[in-house]
Amino acid sequence: MGRPARPDARRTVPRRLPLRQSGRTRAPAATDRGRTVPRARELAPDLVTFCAGGNDILRPGTDPDTLAGIYEAALAELLTTAGTVVVCTGFDTRSFPVLSLLRGKIATYNAHLRAVADRHGCPVLDLWSLRAVQDRRAWDEDRLHLSPEGHRRVALRCAEVLGIETPDRADDPWPGPQAAGSRRDDLLWARQHLLPWIGRRLRGESSGDNVEAKRPDLAPLSTGN
C-alpha cells in the first residue's frame, strides 16, 4: 500500500489492503503512548488514524490540557516513521444523558487536537461535526462504542478527509426516523453500563485491563468483509 495521496486527490477504495489495529480497547492515553505507539512505529505504516484520550476525558478530574500534551508527544513519535497520521477529534455527546455534561471538556480537548494537527501538518477527522452519529443507531447499547453502522459512517468520513472516493457519504440520511428514547431506556443503560463503570473507577480498574488489540498483526483485509 503506497503513501496516501494529498487530500485533494481523488482516489478509489482498494479491494484488499493490509490492516493492523495497534491500540487496546479502552486503554488510557498514557498506555497508548507507552505500548501502542512504539509498536506502530516499528511497522512504519503509510497511514495511521490516531484516536486517543477519549476514555481519559470521561474520568473525573482529568485535565484536557495535560491529555493534549500526551497526545502531541505520541503524535510526534508516530510521525518519525508514519507516512500520514489522521488526528481524530472526540464526538459531540449532546444527545446522551450524563455524557452530555462532558461536552465542554470534550470541546476543549478537541480545540487542542486541532491546534496539534495544525502544528504537525496532519489531516483532521472531525467527529464532533459528524451529524450521522447523533442518531442512536450509530451507537452500541453501552453508548460509548460505535455500532457496526456507526463505524461505517466514521470510516466514510475518514475516506472523505483523505480524498478517497466512496459509494456513500458519511452523513447520508438514516433509513426512517430513529426510535424515540425513553426514561426506561436511560435507567436500563444506567444500571447495566453506567453504574458498573462508576464501580470500576472507584476500584481503580479499567474495562481495558488485559484487553489486547483485535488485529495485533498485519494481515489482509477485504473491503467486502
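Colleague: Is Arg-157 buried or exposed?

Modeller: Buried, with a relative accessible area of 14%. Buried here means under 20% relative accessible area, exposed means over 50%, and partly exposed is in between, using a 1.4 Å probe and protein chains only. Before we go on, this is a predicted model: local features need pLDDT of at least 70, side-chain atom pairs count only at pLDDT 80 or more, and totals for chains, interfaces and linings use all residues. Residues are numbered from 1 along each chain as its sequence is written, and side-chain values use heavy atoms, with hydrogens and water left out.

Colleague: Fine. Which side chain does Arg-157 meet in a salt bridge?

Modeller: That of Asp-171, at 2.9 Å, N to O. A salt bridge is a side-chain nitrogen of Lys or Arg within 4 Å of a carboxyl oxygen of Asp or Glu. The pair links distant parts of the chain. Arg-157 is in helix α5, while Asp-171 is in the loop between β6 (164-165) and α6 (183-202), 14 residues apart. Helices (H or I, at least four residues) and strands (E, at least two) are DSSP runs, numbered from the N terminus.

Colleague: And Asp-171, how accessible is that?

Modeller: Asp-171 is partly exposed, at 22% relative accessible area.

Colleague: Which residues are linked with Arg-157 in a network of salt bridges?

Modeller: Arg-131, Glu-160, Arg-169 and Asp-171 are linked with Arg-157 in that network.

Colleague: How many salt bridges does the structure hold?

Modeller: 13. One of them joins the side chains of Arg-103 and Asp-92, at 2.7 Å, N to O. Arg-103 lies in helix α4 (residues 103-120) and Asp-92 in the loop between β4 (84-88) and α4, so this pair ties together parts that are eleven residues apart in sequence. Asp-92 is buried at 5% relative accessible area, whereas Arg-103 is partly exposed at 32%.

Colleague: What about Arg-153, which side chain does that meet?

Modeller: Glu-149, in a salt bridge of 2.8 Å, N to O. Both sit in helix α5 (residues 148-162), four residues apart, which is about one helical turn. Arg-153 is buried, at 3% relative accessible area. Glu-149 is partly exposed, at 25%.

Colleague: Switching to α3. How far apart are its end C-alpha atoms?

Modeller: 21 Å. Helix α3 (residues 64-78) has 15 residues, and at 1.5 Å a residue they should span 21 Å, so the two values agree. The expected span is 1.5 Å times one less than the number of residues.

Colleague: Which residues of α3 are buried?

Modeller: Pro-64, Leu-67, Ala-68, Tyr-71, Ala-74, Leu-75 and Leu-78. They cover an arc of only 125° around the axis, so they are on the same side of α3. That arc is taken over the directions from the helix axis to the C-beta atoms.

Colleague: What happens at the start of α3?

Modeller: A side-chain oxygen of Asp-63 comes within 3.2 Å of the backbone nitrogen of Asp-65.

Colleague: On to the sheet. What is the strand order?

Modeller: β3-β4-β5, an open sheet of three strands with parallel pairing. Its edge strands are β3 (47-50) and β5 (124-125), and each pairs on one side only. Two strands pair if DSSP finds at least two bridges between them.

Colleague: How many bridges join β3 and β4?

Modeller: Four, in the parallel sense. Leu-47 stands opposite Thr-84 in β4. β4 and β5 also pair in the parallel sense, over two bridges, and Val-87 has Val-124 in β5 as its bridge partner.

Colleague: How many residues of β4 are buried?

Modeller: Five of its five. Thr-84, Val-86 and Cys-88 point one way from the strand, and Val-85 and Val-87 point the other way.

How values were computed
Polar contact = N/O pair within 3.5 Å; in protein donor to acceptor, adjacent residues only side chain to side chain.
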